[in-house]
Amino acid sequence: MDNPKAAKDILENPESVYGYSPNPNSESIGGYADAIDWTNSTEVAEATNHQRNLNRLEDYVNDADGLAREKNRNISKYGNANGPTAEFLFEKYDDEHFVVLLKRNSKNLFMDFGLCNFESEMEYWDMPTKLIDFMGEKTFLFSNEIDKSELKDEIERFIAHNEI
């Protein structure tokens, strides 16, 4: 693993949804190692979605009016005051696809990817994708038939080649 800080907290696990699982010996995230089955995409999606909703609501911890607006928006948009449920998102995005959420230091990551023709390049490598909005984040949607390890390698190559 290239990142020594991450190596202390995670273990490579090709069976897990993300290819990594929390290290049970990690001081910071070890408690999550047995919290869910990291190989079960439904459990991981539900836990991730729940945490995402909590994080968004915590933005309003000192703003009762803002919290009320956010909860009203969530009820209107998702039918749930806390935000979209995993079931809501599964209905919106079928189980034949998965999303890749990219986080980099670039302020214009998706502009960079667009200018470098990421979607065209993935199509060339027989890994078609499209940019979507997923849970308030820009992500790329891929078919579950794509080998995730090969996709990870290809994305890393794309980033390195284009100096993104």
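Which exposed residues does the face of H7 turned away from its buried side carry? Ala-160 and His-161. Exposed here is over 50% relative accessible area, buried is under 20%, and partly exposed is in between, with a 1.4 Å probe and protein chains only.

Before I go on, a word on what we're looking at. This is a predicted model, where local features need pLDDT of at least 70 and side-chain atom pairs count only at pLDDT 80 or more, while totals for chains, interfaces and linings use all residues. Residues are numbered from 1 along each chain as its sequence is written, and side-chain values use heavy atoms, with hydrogens and water left out.

Okay, the overall layout. We've got seven helices and five strands, and from the N terminus the order is α-β-β-α-α-α-β-α-α-β-β-α. Those are DSSP runs numbered from the N terminus: helices are H or I with at least four residues, strands are E with at least two. The protein has 164 residues, and 28% of them count as buried. As for contacts, meaning heavy atoms within 4.5 Å, take those between residues at least 6 apart in sequence: 47% join residues at least 24 apart.

Back to H7, then. On the buried side, H7 has Leu-151, Glu-154, Ile-155, Phe-158 and Ile-159. Looking down the axis, these fall within an arc of 135 degrees, so they line one face of the helix. The arc, by the way, is that of the directions from the helix axis to the C-beta atoms.

At the start of H7, a side-chain oxygen of Asp-147 comes to within 3.0 Å of the backbone nitrogen of Ser-149. Just past the other end, Glu-163 has a positive phi of about 50 degrees.

Now, the core. The largest nonpolar core has twelve residues, including Phe-113, Phe-140, Phe-142, Ile-146 and Ile-164. By nonpolar core I mean a set of buried Ala, Val, Leu, Ile, Met, Phe, Trp, Tyr and Cys residues joined through side-chain atoms within 4.5 Å. Helix H6 (118–124), strand S5 (137–143) and H7 are the elements giving two or more residues to this core, and H7 has the largest share, with four.

Which residues is Glu-154 in contact with, leaving aside its neighbours within four places in sequence? They're Glu-121, Met-122, Trp-125 and Met-127. Glu-154 sits in H7 and counts as buried because its relative accessibility is 11%.

Let's hop over to H3, residues 64–78. Its 15 residues should span 21 Å at 1.5 Å a residue, and the end C-alpha atoms are 20 Å apart, which agrees. Gly-66, Glu-70, Asn-74 and Tyr-78 are the buried ones, and they fall within an arc of 75 degrees down the axis, so they line one face of H3. As a reminder, an α-helix has 3.6 residues a turn, so residues three or four places apart point the same way. Turned away from that buried side are the exposed Ala-64, Asp-65, Arg-69, Asn-72 and Ser-76. After H3 comes Gly-79, with a positive phi near 75 degrees.

Last stop, Ser-41, found in helix H2 (residues 41–58). Ser-41 counts as partly exposed because its relative accessibility is 48%. Its C-alpha is 5.8 Å from that of Val-17, 24 residues away along the chain.

Key:
Polar contact = N/O pair within 3.5 Å; in protein donor to acceptor, adjacent residues only side chain to side chain. Expected span 1.5 Å × (residues − 1).
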